Amino acid sequence: MRAESFSETIRERLGGETITFCYQCGTCASSCPVAKRTTDFNPREIIKLCLLDEKDEILDGKSIWLCCSCYNCQERCPQKVEIADVIYAVRNIAIEKGKVPNIYFEFFNAISNDGRIVKVSQFAENKRPQLGLPPLQPTGVDALKKILSTTGFDKFHLKKEEPQ
Amino acid sequence: MMSYAIFLGCTIPARQPNYELSARKSLSKLGVKLVDIANMTCCCPPPVQSIDLKTSLAIASYNICLAEEANLDLLTLCSGCFESLAMANNMLKHDQKLKTKINKILAETGKEFHGTKEVKHFLQVLKDDIGLNQLEQNIVKPLTDLKIAPFYGCHALRPSELLQLDDPERPQILETLIKTLGGTSIEYQNKLKCCGGLLRGVSDDLALDLARDKLINVSNSGADCIATLCPFCFVALDIGQIQIRSKFQEIYDIPVLHYSELLALALGIAPEELAPRTHKIRIDKIINKIL
């Protein structure tokens with residue numbers, strides 16, 4: 001059996017379904033505020049490399065992490081490629097393979113432990129009545145942990161590579 | 001009485017009491033009841049979607065299930081929460097297969113997504129549910145002499161197919177709401193471009209470059225202040241100005257206020273009740289103009 005290409009792997013994932021509609025017109029790149037500031041990021045280039053099966057270049061590079069998630073590209077794509085979502089799908093693959101930028105460990109730990117990606121300090125919580133705000137309700141950390149273990153998300157930290 | 005389940009998210013309770021206070025007090029004055037539901041969790045914004053989309057959808061849907069159980073629509077202040085939750089809500093409502101898949105995960109928590117409720121941004125509640133007339137009638141301090149730069153950010157508008165808040169290329173809702181308060185809405189270059197907020201921590205230099213572009217354009221427009229909707233835009237522009245001062249030796253001194261703060265002031269709520277010291281760029285000159 002023929003090995004599955006990288007673009008096929010992406011297409012089968014949530015978010016990646018539309019990648020093969022791309023005809024490389026470049027509307028995404030010209031709408032991208034990040035591509036205007038740096039040559040390190042270009043959405044058209046990312047899609048092209050994925051379609052050309054340049055898996056290592058994509059997964060080992062830093063480019064996919066520089067998308068600012070503004071959705072300008074996705075909004076304007078004449079082929080309805082869901083570009084921002086495709087980039088999430090590629091990031092999901094990178095993370096499964098243990099290629100994780102450091103800040104994502106922080107996000108992961110925060111959501112797993114506190115149920116929020118930005119921690120609300122005890123100080124901020126104590127100050128609420130003084131400011132005239134109602135007490136914070138408890139977060140549903142227990143339910144969240146059940147979801148994380150059902151999807152396998154909680155195994156993510158096991159894949160941490162030694163920091164380079 | 002109109003009631004909503006309020007979804008606070010993380011950044012607002014952690015760092016922006018100015019947003020929460022002004023929104024709660026304004027809505028209460030306008031006859032809206034907010035219900036704080038227990039056991040809400042993260043909305044799962046882009047940083048979590050980047051780790052795993054399926055998990056993110058399941059967690060976002062779990063929050064919506066809590067609102068369904070309470071028989072209330074969800075009201076969000078943060079545009080990030082709005083995007084994550086409204087996207088999940090509309091994706092699951094329109095994709096039976098996806099809904100089944102997510103419900104299998106949710107079954108572990110004893111929940112089931114039905115798709116019976118709406119996720120609404122604060123602005124939609126103001127314009128569509130309360131209505132501009134009702135809003136106008138309650139204004140006691142019109143923002144007559146104030147030139148305001150509307151700052152949409154990204155996640156209130158895009159992806160528009162799933163969010164349905166306004167036209168993604170020519171939105172009017174924020175301009176309309178500014179004019180309803182008696183203020184003047186100012187046009188500026190690249191109004192709809194990103195603040196760079198989500199690149200903070202990933203590439204701080206790039207993030208600051210994007211924020212700086214926005215501040216240069218607003219500054220050239222002659223606006224007195226910026227009206228934001230999203231806590232991340234607020235940080236990028238407010239704290240961003242302090243960082244730009246030290247990195248580029250440039251001083252913009254443009255106050256950044258959430259739309260809710262402008263609304264609260266126009267409704268006659270006393271500024272000292274709104275935690276004005278949350279702002280790194282002082283807003284005194286704006287308050288003085290309004291009072």
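This is a predicted model: local features need pLDDT of at least 70, side-chain atom pairs count only at pLDDT 80 or more; totals for chains, interfaces and linings use all residues.
A residue counts as exposed when its relative accessible area is over 50% and as buried when that area is under 20%, with partly exposed in between. By that rule B:Gln249, whose relative accessible area is 62%, is exposed.

**The contact between chain B and chain A**

- The contact draws 62 residues from chain B and 58 residues from chain A, and the area buried between the two chains is about 4900 Å², with carbon and sulfur atoms giving 69% of it.
- Of the area that chain B buries against chain A, 13% is supplied by B:Ser50, B:Ile51 and B:Leu53, which is more than any other three residues supply.
- Between chain B and chain A there are 17 residue pairs in polar contact, counted where both residues have pLDDT 80 or more.
- On the side of chain B that touches chain A, the elements giving two or more residues include helix 1 (11–15), helix 2 (17–29), helix 5 (79–94) and helix 11 (204–221) of chain B, while the largest share, seven residues, comes from helix 4 of chain B.
- Four salt bridges are found across the interface of chain B and chain A; separately stated is the salt bridge in which the side chains of A:Arg128 and B:Glu20 meet at 2.6 Å, N to O.

**B:Ser50 at the contact**

- B:Ser50 belongs to helix 3 (residues 46–51) of chain B, and because its relative accessible area is 0%, B:Ser50 is classed as buried.
- Leaving aside residues up to four places away in sequence, B:Ser50 touches A:Tyr88, A:Arg91, A:Asn92, A:Ile95 and A:Tyr104.
- With one of these residues, A:Arg91, the side chain of B:Ser50 forms a polar contact of 2.8 Å.

**Helix 9 of chain A**

- Within helix 9 (residues 141–151) of chain A, the residues A:Val141, A:Ala143, A:Leu144, A:Ile147 and A:Leu148 are buried.
- These residues cover an arc of only 160 degrees around the axis, and therefore they lie on the same side of helix 9 of chain A.
- The cover over the buried residues of helix 9 of chain A includes elements from both chains, namely helix 7 (102–114) of chain A and, from chain B, helix 4 (53–69) and helix 6 (96–106).
- Just after helix 9 of chain A comes A:Gly152, which takes a positive phi of about 90 degrees.

**Strand pairing in chain B**

- Strand 5 (residues 147–150) of chain B pairs in the parallel sense with strand 6 (residues 184–185) of chain B over two bridges, and also in the parallel sense with strand 7 (residues 225–228) of chain B over three bridges.

**Backbone features in the loops of chain B**

- The peptide bond from B:Arg158 to B:Pro159 is cis, with omega near 0 degrees, and B:Pro159 is placed in the loop between strand 5 and helix 9 (160–163) of chain B.
- B:Gln249, although not a glycine, has a positive phi of about 50 degrees, and B:Gln249 is found in the loop between helix 12 (231–248) and strand 8 (256–258) of chain B.
- B:Asp253, likewise found in the loop between helix 12 and strand 8 of chain B, is a residue other than glycine with a positive phi, near 50 degrees; its relative accessible area is 37%, so B:Asp253 is classed as partly exposed.

Notes:
Residues are numbered from 1 along each chain as its sequence is written. Chains are lettered from A and ligands numbered from 1 in the order in which they are written. Side-chain values use heavy atoms; hydrogens and water are left out. Helices (H or I, at least four residues) and strands (E, at least two) are DSSP runs, numbered from the N terminus. Buried means under 20% relative accessible area, exposed over 50%, partly exposed in between (1.4 Å probe, protein chains only). A polar contact is a pair of N or O atoms within 3.5 Å; within protein, one must be able to donate a hydrogen and the other to accept it, and residues adjacent in sequence count only if both atoms are side-chain atoms. Contact means heavy atoms within 4.5 Å. The arc is that of the directions from the helix axis to the C-beta atoms. Two strands pair if DSSP finds at least two bridges between them. Buried area is the accessible area (1.4 Å probe) that two parts lose on being put together, summed over both.
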